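Student: I am new to this structure, and I would like to go through it slowly, one question at a time. Could we look at it together?

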Amino acid sequence: MTDSSIVWVDEASRYDQARPTAPVVLVDLLMQLSHTPRPALVVDLGCGTGRSTIIWADRAERVIGIEPSADMRNVAISKLAADSCISYQAGVGHQTGIDSSSADIVTCAQALHWMEPSSTLAEIARILRPGGVFAAYDYHWPPTIHWELDQIFQQVDQRFEQLIERRATPTDHPGWDKQHRQRMQASGLFQHTLELTLHHCEYGAAQRFIDLILSSGYHYHLKNGTLTEQELGFDQLKQAAHDLIGPQPIAWYFSYQVCIGIH
């Protein structure tokens, strides 16, 4: 299995500052679907720097973030209060180290596509109690800010995909597509699945947008020399961000696709 954590080496700080926090309404939704007004245990897979884990603070008895990257975990741990119900531990989607049938809710934010699907879904089913809920959610990329900026990004992203297709090896470009609900249904591990869209607003200036884009696979391939900013047109994207967003934060609109399975 490809170790996708290599993509995030030396990226924890940028990732934490640029990425959005998960929508808080998701907490209420998952507690309602799982019939648990205060979950005994929530497990957040591929939790990164804890931006998707922190929304459960004060809403659950215990929360465990699972993250293979030590750099990511260290940033997450550094933000915890001494009396927090949240803890972080090393692990991967298919080997969490969590007790069987112990979790009321398992989540995976913007990360399931980095995990081998069959073994990860089997592990999720193992740690969920009967009637427990699994939610995999991803936000549309990038957030909606300006149509002109989105147009330039689409051109850059198309060149990125073309160049990676020609130059990168499979280990340079790990991951699976985001057919989460279809895989959940096909696994036979969930008694019901559903899919919905949630919306979330945050604010950011031009530099945060640039860092957001670099916090994906872009930085990894630029750093290891697979491609350059100039051939991508990334220098044009950065200039457009400064021109259209500017130095003061403005509204960014995130749309989250949420795939849910009831165990």
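Tutor: Let us begin with a term: buried means under 20% relative accessible area, exposed over 50%, and partly exposed in between, with a 1.4 Å probe and protein chains only. This is a predicted model, in which local features need pLDDT of at least 70 and side-chain atom pairs count only at pLDDT 80 or more, while totals for chains, interfaces and linings use all residues. Residues are numbered from 1 along each chain as its sequence is written, and side-chain values use heavy atoms, with hydrogens and water left out.

Student: How many aromatic pairs does the count come to?

Tutor: Rings of Phe, Tyr and Trp (its six-membered ring) pair if their centres lie within 6.5 Å, and planes under 30 degrees apart count as stacked, over 60 as edge-to-face and the rest as tilted. By this rule, the number of aromatic pairs is 10.

Student: Is the pair of tyrosine 137 and tyrosine 256 stacked or tilted?

Tutor: The centres of tyrosine 137 and tyrosine 256 are 6.0 Å apart, with 50° between the planes. Helices (H or I, at least four residues) and strands (E, at least two) are DSSP runs, numbered from the N terminus; tyrosine 137 belongs to strand 5 (residues 128–139) and tyrosine 256 to strand 7 (residues 250–262), so that the pair links parts of the chain 119 residues apart. Tyrosine 137 is buried at 1% relative accessibility, and tyrosine 256 is buried at 2%. The pair is therefore classed, from its angle and the cut-offs, as tilted.

Student: Which residue lies over the face of tryptophan 252?

Tutor: Tryptophan 252 belongs to an aromatic cluster that also includes Phe209 and Phe254. A charge sits over a ring if NZ of Lys or CZ of Arg is within 6 Å of the ring centre and within 35 degrees of the ring normal. Over the face of tryptophan 252, at 5.0 Å from the ring centre, lies arginine 208.
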